[in-house]
Amino acid sequence: MISHLRTMWLVFRHLFQKKVTVQYPEEKVPLYPRWRGRIVLTKDPDGGERCVGCYLCAAACPVDCIALQATENEEGRRYPEFFRINFSRCIFCGYCEEACPTYAIQLIPDFEMAEYKRQDLVYEKEDLLINSEGKYPGYNFYNVAGLDAGVKEKGKGKDEETPVDIKSLLP
Amino acid sequence: MPTIYIDNKPFDVKAGKNLLEACLSLGIDLPYFCWHPAMGSVGACRQCAIKVYKDEEDTRGRLVMSCMEGVKDGMRISVNDETAKAFRSQVVAWLMTNHPHDCPVCDEGGCCHLQDMTVMSGHNYRNYHFKKRTYPNQYLGPLINHEMNRCIQCYRCVRFYHDYAGGKDLNVFAAHNHVYFGREKDGVLESPFSGNLVEVCPTGVFTDKTLKEHYTRKWDLTNAPSVCQHCSLGCNTIAGERYGQLRNVVNRYNHEVNGYFLCDKGRFGYEFVNSENRITQPLIRNQPIEAAGHTTVLQHIRTLLTGHALIGIGSPRASLESNYALMELVGKENFYQGVPDDLVYVEQKIVDILQSGCIHTPSLKEIEQADAVLVLGEDIWNTAPVMALAVRQSVMKTAATHTTEQLPIPTWHDAAIKELVQEDKGFLANVTMLPSPLDEIASATMKSAPDDMARLGFAIAHILNPSLPEVRNAGEELLASAATISKALQAAKHPVIIAGTSCWNNALIRAAFDIAAALDMHEKKAGLAFVMQDCNSMGLAMTRASSFDRAVAHIQRATNSVTAIILENDLYRCIPAAKADAFFSKCKHIVVLDTLHNRTTEKAHVLLPAATFAEADGTFVNNEARAQRASQVFMPANSEIRESFKWLSDLKVLINTTSNGHEKYIEDLLIALENRFPQFAGVSRVAPPHDFRIHGARIPRESHRYSGRTAMLANLNVSEPKPLQDDDSSLSYTMEGYRGLPPSPLIPFFWAPGWNSGQSVTKYQEEAGGALKGGDPGIRLFEQTTTPPVFSKDIPDAFTARAGKWMLLPQYHLFGSGELSVYTKGIASQCPEPYVSLSRRDAEQAQLKNGDTVSVKTDGKTYAFPLTINESLPDGIMLVPAGLTGMEALSWGAWVNLSTVIV
């Protein structure tokens, strides 16, 4: 009996407390910058695609929902010929973002992706690519990678010496 | 067997090995870079350091490089010693100071020995905060990509390319910490073994440019054990597929056959599988809509098969199963080889010799271990490149063995042996028509016409066995050569004689046999190796079916109308066009099964799309009569493309309903073949049967980290399809299955925990560099018995040039003479243009100079080619490259005139 009265008292007291229910969708939920939502592909500061088609996101994906094919332009810069994420399989674990060596693939604070047809949850590169550097402004993988892919010449990158003169025997 | 103590545990190891080999053979992970099982130790990279203790009392020990220290009984070593571990980690940290940050765009990533060794050594964080050295790259041709920044200076590339394969144009340049591995200037790598740099390089300096076109990581490939289709040696390969395309071919270790290396034709010549020229749809010609479905085409063929006489033309590049299925369909007496009479005659002689059991046929491994080699008339550099590589090793190793017998130096000590051996070489006599890169390591060379080479052979045989007939009218030069060669062969313990079909000369085969048999009588273990033309020439020749010329004769006699069924064979490539046309004009109906459109498929009334080696299971018999299985790598998305033997079995059901349900599986076909032809006994045991399982599990073609399963086909349908079901073999098209060691014929790829690169093969070997666990794949169909040899008495007359006539002979080119390999762009760009070659004297007599267009009249046709004067070609011979794309087959061995000269 005492227990019942106590419960009723507690419920009554809650009437005067602040409501936790958010009136979604009229009212948006606060999402933090590192919230793991919709996956995007970002771009370099120079506007080129950041993704170099290394397949690490696909390998890291525990549900195998990422498929891509790498290709190269004339200058030797790698990019994905196609990049497909099957969001009907995605579990938003963020392993792909963790695996990405070029900060290309990022999870953003957006979860409003519901569709009536499951097929519409298959996102191609055009659907994933955004015109932004995302969370890591200023980073360009080809500036720190050794090879010349049209972004910088050999030896011009960060922490690189000028190329060796192979005809020289000087110490 | 010595016992060594590794971290205080006793292990029995093989004497004469170094500690690194011993540790790896025991399954202990020890990092290394410069050591290679085929090339020995040089102690350059300092990565394989371990501790060696003086005795049980010794607690301090000393650091040694395990690859430079031999095994001694009672030795105490430590792999896990803290100092040794710290040393290895520091060495890899040094190697990494200049290694660029580009694994994501490096094709080696995921199968990189440097990645594996870095992780194994425990070097995780970079402590070096200064700038990285960079290098310019070079253009090395259409097949190999160069990215020199990634180099860790292990010297493996030069040791392979220069020392092992004898290439001249790749070397090490500059000095101190600037050493550079490349060519003197940009240019195509000349060696036909350059592709091995991709696998030899522990990092991504040299990568496969054909793979770059459609790059896929190793873990994403669907792999299957395969057999190379481009020559008769049957090198074992692993072919990998992704998104319905064949993506790359890498070496599959087979201790007895190819070992660690492939030639460039085998490695890069796979792109025909992805060609746009593939036949993708059954066609019924001469009707408004030619494309037909499966049932329609079978119904149409039923009308062609009933009430007509059948002729089947087999193929030296189709599998045994397909050839046998055709034979079963048309009847043994109506089955012909699809190879000209002259070649069948030569090949028949080879099969007779092998089947007689008089003589041992060495494997490539045994050729490597030979101490004297005589190449009689075969241009093995072009027709069997990996055999040329084996011959090179025999020449280099004989001298090394000689040294190690004199001095207590172990055989693995490559650097020390090279110092001692210097220019010393074993014996090689290279008797060919034209100079070959092998000549520079040969002790004796002779350039002459095929008949003269055969005469040299008979002269040698006569010296070795005086009861054999003497060569009449032999010149002094010939006798002198015969004397030197026979002396060297007699002095050897394991001499090997190599001959082949590329001269289309029967006497050469007989001469080679006589020499080998005469040597065998001297109680030597002599070997006789033959080179054939195509990947299954031996298998087809072993059926002893008649030649194409007999098929032409048959069809001309035939009273009924004839339906010809042609299996995967472009007849215009090996049969003179006039003869092929004559055959086709007599056929009422022509059914062709093939993979690519060609001149023969144009003649077809009904064309059936056949699967390539990558899309079919098949058994191929190599030059030493070793039957080997190539497994299906992927099922073509287009279900109209089917294995030839499946098409043919369906056709058989059409005319003979009782056969329904029989010979459903490959092993059923092979057992039927064995029953029909006892010479094939054993062929059904080449690979485990289709229902073979390990603990109920199949062997997965895909790695455990295969990616994209739920997205690859999501653009077509978001619901994933059922995994493909392989009813023909025990390999599966999934990631699930048995992850332990599969039986050696079914190894789909080499991988072991911590060993992602091809170097993981050590885990599959009995000992480092030894046979695969459970025995190497493949079954040799003929073994030596005690049958006494039958020597030949018929010695050809010396070759004499005729006035105004030339003997027409083929010149084979590694890049160009292959029907299928030229579909790879990088290979096609290195093919020669058609030409005709004459000796300088002949050209001068005909008043011709280099580049003149000459017309050659043969087989009732006139062909015009530009002239190349060949300084070392014997007079009276005209050479024309064989099998170039767009060139017709000529009557090799015929005498032709230069009818007109167009200036």
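Is Cys100(A) buried or exposed? In this predicted model, where local features need pLDDT of at least 70, side-chain atom pairs count only at pLDDT 80 or more and totals for chains, interfaces and linings use all residues, Cys100(A) is buried, with 22 other C-beta atoms within 10 Å. A residue counts as buried if 20 or more other C-beta atoms, placed from the backbone, lie within 10 Å of its own, as exposed if 12 or fewer do, and as partly exposed in between. Residues are numbered from 1 along each chain as its sequence is written, and chains are lettered from A and ligands numbered from 1 in the order in which they are written.

Cys100(A) lies in the loop between α3 (95-99) and β4 (105-107) of chain A, where helices (H or I, at least four residues) and strands (E, at least two) are DSSP runs numbered from the N terminus. Leaving aside residues up to four places away in sequence, Cys100(A) touches Leu56(A), Cys57(A) and Ile105(A), contact meaning that C-beta atoms, placed from the backbone, lie within 7 Å. An unreviewed UniProt entry lists Cys51(A), Cys54(A), Cys57(A) and Cys100(A) under "binding site"; these four span 50 residues in sequence, yet no two of their C-alpha atoms are more than 10.3 Å apart, so they gather at one spot. Such annotations may be inferred rather than shown by experiment.

Cys54(A), in the loop between β1 (39-41) and α2 of chain A, is also buried, with 27 other C-beta atoms within 10 Å. Again not counting residues up to four places away in sequence, Cys54(A) touches Pro101(A) and, across the chain boundary, Pro104(B), Val105(B) and Gly109(B). The contact between the chains takes 42 residues from chain A and 36 residues from chain B. On the side of chain A, the elements giving two or more residues are α2 (56-60), β2 (66-72) and β3 (78-86), and β2(A) gives the most, with 5 residues.

Elsewhere in chain B, strand β29 (residues 806-811) has 6 of its 6 residues buried, so it is largely enclosed by the rest of the structure. In a regular strand the side chains alternate between the two faces of the sheet. Here Trp806(B), Leu808(B) and Pro810(B) point one way from β29(B), while Met807(B), Leu809(B) and Gln811(B) point the other way. β29(B) pairs in the parallel sense with strand β33 (residues 877-881) of chain B over 5 bridges, pairing requiring at least two DSSP bridges, and Leu809(B) stands opposite Leu879(B) in β33(B).

How values were computed:
Contact = placed C-beta atoms within 7 Å.
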